[in-house]
Structure formats: C-alpha cells, structure tokens
Amino acid sequence: MITTVTLNPAIDITYYIPAFQSNQIHRVDSMYKEPGGKGINVAKVIKTLKAPVMVTGMIGGNNGRTICHLLDSYSISHDFQPISGESRLCLNIIDQHSHQTEILEQGPVVSEKELGIFKGHLEELSKKSSFVIFSGSLPAGAPQYAYGELIDLVQHHGAKAIVDTSGKALEFALAAKPFMVKPNINEVQEIYNQKKLTKEEIWKIIESWHASGITASIVSYGAEGMMVRIDEQQWTINPPVVKAVNTVGCGDALVGALAVGFYNHLPYEEYLINATAAAVSNAMEKQAGKVNIERIDQYKQGIILKKE
Ligand SMILES: Nc1ncnc2c1ncn2[C@@H]1O[C@H](COP(=O)(O)OP(=O)(O)OP(=O)(O)O)[C@@H](O)[C@H]1O
Ligand SMILES: [Mg+2]
C-alpha cells in the first residue's frame, strides 16, 4: 500500500458568501466540509486512481474525530496517532467574484513525547507500505529535522520515502536521501537562497540530488509543467494550456499520481503523462485534491514530453 503522512491535518470548511465583507453579518449560501492537509489531498488522488492508500499523522479532539469521519465518507483508510491538542480548522470564504478569504488555524503544538510515539506508529505502518509520502509543513513543536528522521526510519524498513515540503524541513529531508522529492521552483529557489534560477542551474541541482542518492527528482513549474530526473534519464513535460479554475493542490495531485505510477510499475514516460494529466485535472476543479478520472484522458492529448 501507499501511506501518506499528514502531521497537521485539518477540517477544511468552504463557505460561499456573496458580498462578503468584514464587520457585517452574513448568511452562508452554501458550504462544504472536507478532510484537509496536503497528505490527505494526496491520499484522495491515490484513492481516485484506485491504488491502496492509508492515511496517517497526528490528530486530536473533536476536530480530529470529524477528520476521521470525513475520511470514512470517502472510504479512505486511516490510522492516526492520537495527541492531546485539538486538530485545526481552516476556513475559506468565497464571494460572488470568486475572491477568497482564508482563515487558517496554526494547529496544535505537538510534544517530543507525542512525536516519539508517532515514530513507533509509523515504523509499524512502513513495514506494510511500499511508499510513504510526507507532505506539507511540520506542526508547531516538531524540530525542523523531523522529516529527515522519519525518512530514515521508513527507508530502514524497506519503504520508499516521497517528500513534498519546503524550507528547512525540505533541506533536512534532502539530506536523508528519500526515493523521490517534488518541490516547486519557488521552494527550490528558497532553499538555495536565489531569486531566479535558470533551467540549466535547476538541472545541475537535480544532478546533485541524483549524485547524493535520490532516485527521482521533480521540480514543478505550475502551468509550465515540470523538470524530471529518474535514475539516469531526464525529461521536461509541459501540460496543455487550460483555463484553470483552482491550482491549489496541483502539486498534491502530481505527487499522488506519480506515486501510483511507481506503485503500478508503469513505464516512466507513460506515468509522467498520466501524472501530468491528473495534475491538470486538479487545476480544473474547485476543490484541492480532486481529480476527475473521466476527464484525465482528454488532458493527456495536449501534453508535450521531451527527453533531455
Ligand atoms: N495553470 C495550470 N495549467 C495546467 N497545469 C497546471 C497548472 N498549474 C499546475 N499545473 C500542473 O500541476 C503541476 C504541479 O503544479 P505546481 O508547480 O503549481 O505545484 P505546487 O506549487 O506544488 O502546488 P500545491 O503545493 O498547491 O499543490 C504542474 O507541473 C502542472 O503539470
Ligand atoms: Mg506544493
């Protein structure tokens, strides 16, 4: 199975409120409630693509219970480590112009003891997993090297680690040599302290990750696609030009679909195209982490894949 790790999951609530403004009383036109957090979005995509998936992480309180019920409604298996704090709630208010106002709780502070217990929990899950995906930022209280330690742990048990995070957490993750990394271009520029890296410079950085022992390195460029290295082969992939609805979560869709491609042992070029089509499909949906399986084939048409 593929396990996704969300250390700071959330209930994502979206309210549609026409003419929303501060200092007013509003009635909500319509709303939806989703289990959220990047690893959970990745799991939704994996589920849609019909591969076996398990969601883990740390949850607490009534919000934690709600996250579990919401995952049940998607028939997504979960096995979280309980913690004493209350899991967070994230609110997105959308008005009639599609302007978005986001209110994001920080989430609970996790203790060293809770992280220690979670490590044991993840160790057991990694024995049953082919891939373990670490997505998103670390919760308050976790040290910046936390992903590095967790990557060592899961890879020690034979699972392949996939990482999608940023900042110091990404730097420590890279040092632990995961199987695959998928930062976007801004996240790469940030850790190398550069405002603008050229494609040549990115290929050199990817080469250095490969030399350190990382098998698959992907740097995504939003509507411009991605640069990929797997083992000794390199490609650039451009998605078709589309009128995107919401590009939040495109990276999560890409990571989920790439993991499914590796899990199913597809030829690389076939699954790079499948994964790009899944990411484009996410860009065409209102909800982050949603992929429309019926439309994926139509997005494959305009994809340009170039061997480098
Ligand atoms: N506007 C768009 N049109 C077409 N495809 C897109 C668009 N935006 C993103 N994609 C597809 O999604 C992939 C990942 O996008 P992006 O680089 O924005 O990820 P990201 O910044 O990690 O996203 P997030 O962290 O919000 O999930 C791209 O490589 C591309 O294939
Ligand atoms: Mg991302």
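This passage describes the fold of a predicted model and the surroundings of its ligand.

The protein contains ten helices and 15 strands. Its radius of gyration is 19 Å, close to the 19 Å that the globule rule gives for 308 residues, so the protein is as compact as a globular protein of that length. The C-alpha trace spans about 55 × 45 × 40 Å along its principal axes. Of the 308 residues, 44% count as buried. Among contacts with a separation of 6 or more, 69% come from residues 24 or more positions apart.

One open sheet has four strands, in the order β3-β2-β7-β8. The pairing is mixed. Strands β3 (30-36) and β8 (100-104) form the edges, and each pairs on one side only. On average, neighbouring strands of this sheet are turned by 15° against each other, direction ignored. Helix α2 (residues 61-73) packs on the sheet and touches β2, β3 and β7. The direction of α2 makes about 95° with that of β3. Within the sheet, β2 (residues 10-16) and β7 (residues 88-94) run parallel and are joined by seven bridges. One of the paired positions is isoleucine 13, whose bridge partner in β7 is leucine 91. The loop between β2 and β3 holds alanine 19. The phi of alanine 19 is near 55°, a positive value in a residue other than glycine. Most residues other than glycine have a negative phi. Alanine 19 has 9 other C-beta atoms within 10 Å; the cut-off for an exposed residue is 12 or fewer, so alanine 19 is exposed.

Helix α4 covers residues 146-156, and its buried residues are Ala146, Tyr147, Gly148, Leu150, Ile151 and Val154. Glycine 158 follows α4, and its phi is positive, near 90°. Strands β9 and β10 run parallel and are joined by five bridges. Isoleucine 133 has isoleucine 162 as its bridge partner in β10. Five of the five residues of β10 are buried, so β10 is largely enclosed by the rest of the structure. In a regular strand the side chains alternate between the two faces of the sheet. In β10, Lys160, Ile162 and Asp164 point one way, while Ala161 and Val163 point the other way.

Helix α3 includes phenylalanine 118. With 23 other C-beta atoms within 10 Å, phenylalanine 118 is buried. Leaving aside neighbours within four places in sequence, phenylalanine 118 is in contact with Met58 and Gln81. Proline 82 is 36 residues away from phenylalanine 118 along the chain, yet their C-alpha atoms are separated by 8.7 Å.

Strand β12 (residues 216-220) is likewise buried in five of its five residues, so β12 is largely enclosed by the rest of the structure. Both of its faces are covered. Ala216, Ile218 and Ser220 lie on one side, and Ser217 and Val219 on the other. Strand β12 pairs with β11 (residues 180-181) in the parallel sense, over two bridges. Here the bridge partner of methionine 180 in β12 is alanine 216. Strand β12 also pairs with β13 (residues 226-230), in the antiparallel sense and over five bridges. Serine 220 has methionine 226 as its bridge partner in β13. Together β12 and β13 form a hairpin, with five residues between them. Glycine 222 in the turn has a positive phi of about 55°.

Ligand 1 has 21 residues around it, of which Ser220, Ala223, Cys250, Gly251 and Ala279 come nearest. Helices α8 (250-263) and α9 (268-283) each supply at least two residues of this shell. Twelve residues of the shell are nonpolar, eight are polar and one is charged.

A further loop, between α6 (185-191) and α7 (199-212), holds asparagine 193. The phi of asparagine 193 is near 55°, a positive value in a residue other than glycine. Asparagine 193 is exposed, with 6 other C-beta atoms within 10 Å.

Note on methods:
Residues numbered from 1 in each chain as written. Chains lettered and ligands numbered in written order. Predicted model: local features only at pLDDT ≥ 70, side-chain atom pairs only at ≥ 80, totals over all residues. Near = placed C-beta within 6 Å. Nonpolar A, V, L, I, M, F, W, Y, C, P; charged D, E, K, R; others polar. Buried ≥ 20, exposed ≤ 12 C-beta atoms within 10 Å, placed from the backbone. Pairing = 2+ DSSP bridges. Axes fitted to C-alpha atoms, helices over the stretch in contact; angles between N-to-C directions. Contact = placed C-beta atoms within 7 Å. Rg over C-alpha atoms; globule rule 2.2 N^0.38 Å.
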